[in-house]
Amino acid sequence: MLATGGRPPDGPGWAFEMKWDGVRIIAIAGGGEGQLFSRNGNDVSAAYPEVVAALKALPGKESLVIDGEIVALDRDGAPSFGLLQRRMHVARPAEQLMGEVPVRFFVFDLLTVDGVDIMRESYLERRARLAELELPAPLSVPPHWVDMDADRLLEVAREHHIEGIVSKRTDSVYLPGRRSPAWIKTPLRQRTEVVVAGWTPGSGAFGASFGSLVLGAHDDTGRLVFIGNVGTGFTHATRRILRGALDEIEVSASPFEQSPPEAGAGGWHWVEPILVGDVEYREFSGERLRMPSWKGLRTDKPPAVVAVPPLR
């Protein structure tokens, strides 16, 4: 079941959970066995052996299908997608990597018990069943709050560097594969200034403008360094205007001392780094902005003062 995006709802009848910045997983456990499946149905059990071991060690003889999210926590105890990426693309992690990047499995829904479908039970009924489970580490059931002030919970999420909150109707049933307004996700975002360093070719409707803008910022030594690409947040009119401005300041060489490897094969175009933009983003891991969205050009700041975003 998937959530729709939007502001948290007002009024009674809603429960709230924190929005964990991880990998959504459906887990099957029972009879001393355990399996993990990604959203697209791939078996990813081998990638997270510590989670599978915990599923196999579940007490009792019940078979379970549970929904949750695998996360990696940073030194402050906050989920870090950048850290989790070190595990996401490793099919069979070595002991050293598992030690460096341990993962947790946050369980937030229960779908079947001993082969009995309980998805038509209400959210609160399913959560009550979850609370009765004895889950060994690294499995755990994160808290939920009923009829709380959603704006206050958003502030708590922000203070603890959590991605946001998810609001769920207390009477909602579980609709597998459906994006339902009974679940509403409200992510928190950050903003930063960027230097426009180039653009990548577009295709289809964007063939006449660009696919994405190449972004840079200055590090502690004053060097302009690559911090990612942004390809969303533009209107068609903005794309046309920006492409015209980019054509006027195009240069032949990259403004970066070290360009990203994909630039060579991607037909990237470089520009004089004089345009400053504003972007919204989810996270900066030290290499690239995650989920950036363009908000507009800025004329109130010179490029020289645009610095790399701080790490969380």
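Student: Which elements do the buried residues of α2 pack against?

Tutor: In this predicted model, helix α2 covers residues 81–88, and its buried residues are Phe81, Gly82, Leu84 and Arg87. These buried residues pack against both helices and strands, namely β3 (23–30), α1 (49–56), β5 (64–71), α3 (95–100), β17 (283–284) and β18 (289–290).

Student: Which residue lies over the face of Phe81?

Tutor: Phe81 is one of the buried residues of α2. At 3.6 Å from the centre of the Phe81 ring lies Arg290.

Student: Which element gives the largest share of the largest nonpolar core?

Tutor: The largest nonpolar core has 32 residues, among which Leu213, Leu215, Ile227, Leu246, Leu289 and Trp294 touch the most other members. Two or more residues of this core come from each of β12 (190–200), β13 (212–218), β14 (224–230), α6 (236–248) and β16 (269–281). The largest share, 6 residues, comes from β16.

Student: How many residues are in the second, separate core?

Tutor: This second core is separate and includes Ala27, Ala54, Leu97 and Leu135. Its number of residues is 28.

Student: Why is the pair of Phe210 and Phe234 edge-to-face?

Tutor: The structure holds 8 aromatic pairs, and in the pair of Phe210 and Phe234 the ring centres are 5.2 Å apart. Planes over 60 degrees apart count as edge-to-face. The planes of Phe210 and Phe234 stand at 85°, so the pair is edge-to-face.

Student: How many residues apart in sequence are the parts that Phe210 and Phe234 tie together?

Tutor: Phe210 is buried, with a relative accessible area of 0%, and Phe234 also counts as buried, at 13% relative accessibility. Phe210 lies in the loop between β12 and β13, whereas Phe234 lies in the loop between β14 and α6, so the distance in sequence between the parts they tie together is 24 residues.

Student: What is the angle between the planes of Phe256 and Trp270?

Tutor: Phe256 lies in the loop between β15 (250–251) and α7 (262–265), while Trp270 lies in strand β16. Phe256 and Trp270 form an edge-to-face pair, with 6.0 Å from centre to centre and an angle between the planes of 90°.

Terms used
Residues are numbered from 1 along each chain as its sequence is written. This is a predicted model: local features need pLDDT of at least 70, side-chain atom pairs count only at pLDDT 80 or more; totals for chains, interfaces and linings use all residues. Side-chain values use heavy atoms; hydrogens and water are left out. A nonpolar core is a set of buried Ala, Val, Leu, Ile, Met, Phe, Trp, Tyr and Cys residues joined through side-chain atoms within 4.5 Å. Buried means under 20% relative accessible area, exposed over 50%, partly exposed in between (1.4 Å probe, protein chains only). Helices (H or I, at least four residues) and strands (E, at least two) are DSSP runs, numbered from the N terminus. Contact means heavy atoms within 4.5 Å. Rings of Phe, Tyr and Trp (its six-membered ring) pair if their centres lie within 6.5 Å; planes under 30 degrees apart count as stacked, over 60 as edge-to-face and the rest as tilted. A charge sits over a ring if NZ of Lys or CZ of Arg is within 6 Å of the ring centre and within 35 degrees of the ring normal.
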